[in-house]
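Please keep the sequence and the structure open beside you as you read.

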Amino acid sequence: MLRKLLDRQAKLFEKGGRLEKLHPLWEAQDSFLYTPGTTTSGPSHVRDAVDLKRIMVTVVVALVPCVLMAMWNTGRQTHLAIQGGALPLETWQTTAMERLGLAFDPTSLWACAVHGALYFLPILVVTFAVGGGLEALFAIVRRHEINEGFLVTGMLFPLVLPATTPLWQVALGIAFGVVFGKEVFGGTGMNILNPALTARAFLFFAYPAQISGDSVWVAARTSPDGYSGATLLARAATGGFDVLRTADSSNGATVADEATRQSSEAMHAGVSWLQTFFGDVAGSMGETSMLACLIGALVLIVTGVGSWRIMAGATLGTVGITLILNLFANYSDNGLLQIPFWWHMALGGWAFGAVFMATDPVSAAQTNTGRYIYGFLIGVLAILIRVVNPAYPEGMMLAILFMNLFSALIDHYVVRANVKRRQARYAA
């Protein structure tokens, strides 16, 4: 019945129809609901079954663990803040919880998920409404089809934001990311920067107090007097590695001296390494859980959508530069030099960036060798930004955006090296 209804209305949007200019909107909803019915009329072509829609939907599926974690952890951190008296029961989210008869219990999976969804879903809706609307507008003006590229951007952007980012900032940020991060370059497949990261970078530099540093809004109403708390990276940047380790009362040794005690309690934050691994910490909604990111990485690698070479390169780069920096820990008062690589990987947006942002098939390197180099340099730069510049505790975003600018150059020299090698092999 739905198919017949759509077919009857299709003539209005085809060439010569009254709504011909709105054909991109018509085609978008039709291809979203059904497989396109158009076929090749000329000579036959071999077509890959893995089209743009399947690639984007696969990434969205891989993001599901992060989305679920975002809602649960946001609710849990909110309930912990309420129990501690740091957050008053004056938000519309808490009012909705009371009307639903749900307790503010950080141990209740259902209560935390529902409360977190009340923060996450409005940001998601605004992102798709504003960003999707701009995508449609550019498609209508350029008279080309609306592609599925924004599905991933629209899912990524809310996950890298604090829970209570004002909705007007969400709209402004995604508008900047879509227009200046993608459309000015020609649309999906033409952009040199990751649109979601471009949007977040804009918000960070325009409104740093609400996005990062010492004033991340972990769970609060969207007003200046909302509850705020520094993330673990921000605490480490100001207090050094002592914030992330605890003294052993028996012999005075520290966690940094005993790799087997990675999960011991943090001294000031009261957070263990395992908590950061599972994501039970404050921070941007979808990037706190390394476990959720690893599940997504498995989906991307098995399906061949995400490059395991980039992920491996980022891991090697992070481990290598961290081990080198650890050697200088005793010669500097910078406590961040002492942080081991397993803490760096679990803190902030390292895992989320390495899995979902760095592997963007458009803005990343395209050659296999180039992907290793590209990922390796991202891992190195992310840690250098964190450690060398403590005023900016999170380095993954800038590292990826910076390497986006050099991905084509890396591929160029990789290809040139391959050509020279083949020429030497065949004495050409």
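## Two helix pairs

Helix 3 and helix 6 cross in a left-handed way, a crossing being left-handed if the near helix is turned anticlockwise from the far one by less than a right angle, and right-handed if clockwise. Helices (H or I, at least four residues) and strands (E, at least two) are DSSP runs, numbered from the N terminus. This is a predicted model, in which local features need pLDDT of at least 70, side-chain atom pairs count only at pLDDT 80 or more, and totals for chains, interfaces and linings use all residues. Residues are numbered from 1 along each chain as its sequence is written, and side-chain values use heavy atoms, with hydrogens and water left out.

Helix 3 covers residues 52–83 and helix 6 covers residues 149–159; they pack at an angle of about 15 degrees, with their axes 10 Å apart. Axes are lines fitted to C-alpha atoms, for helices over the stretch in contact, and angles run from 0 to 180 degrees between N-to-C directions. The two helices are therefore roughly parallel to each other (angles under 35 degrees count as roughly parallel, over 145 as roughly antiparallel, 65 to 115 as roughly perpendicular and the rest as oblique). Contact means heavy atoms within 4.5 Å, and on the helix 3 side it involves Met56, Val59, Val60, Leu63, Cys66, Val67 and Ala70, which meet Gly149, Leu151, Val152, Met155, Leu156 and Leu159 of helix 6. These residues divide into 12 nonpolar, 1 polar and no charged (Ala, Val, Leu, Ile, Met, Phe, Trp, Tyr, Cys and Pro count as nonpolar, Asp, Glu, Lys and Arg as charged, and the others, Gly among them, as polar).

Now for helix 5 (residues 109–142) and helix 7 (residues 167–181): their axes come within 9 Å and cross at roughly 35 degrees. This crossing is right-handed. Among the residues that meet are Pro122, Glu135 and Phe138 from helix 5, and Leu167, Ile174 and Val179 from helix 7. The contact divides into 13 nonpolar, 2 polar and 1 charged.

## Buried places

Is Tyr374 buried or exposed? Tyr374 is buried, with a relative accessible area of 0% (buried means under 20% relative accessible area, exposed over 50%, partly exposed in between, with a 1.4 Å probe and protein chains only). Tyr374 sits in helix 16, residues 368–388. Beyond four places in sequence, its contacts include Ile310, Ala358, Ser363, Met403 and Asn404. Ala408 is 34 residues away along the chain, and its C-alpha atom is 9.9 Å from that of Tyr374.

Thr198, in helix 8 (residues 195–206), is also buried, with a relative accessible area of 8%. Setting aside residues up to four places away in sequence, Thr198 touches Phe176, Gly177, Gly181, Leu193 and Leu401. In helix 15 (residues 350–357), 8 of the 8 residues are buried, so this helix is largely enclosed by the rest of the structure; Trp350 and Phe356 are among them.

## The whole chain and its confidence

The protein chain has 18 helices and 0 strands. Of its 428 residues, 50% are buried. Residues 24 or more positions apart account for 67% of the contacts with a separation of 6 or more.

The mean pLDDT is 82, and 82% of the residues reach 70 or more; pLDDT is the predictor's confidence in each residue, from 0 to 100. It stays under 50 over residues 213–229, where the model has 54 contacts beyond four places in sequence. Residues 246–269 also have pLDDT under 50, with 47 such contacts. Where pLDDT is low, the predicted coordinates should not be read in detail.
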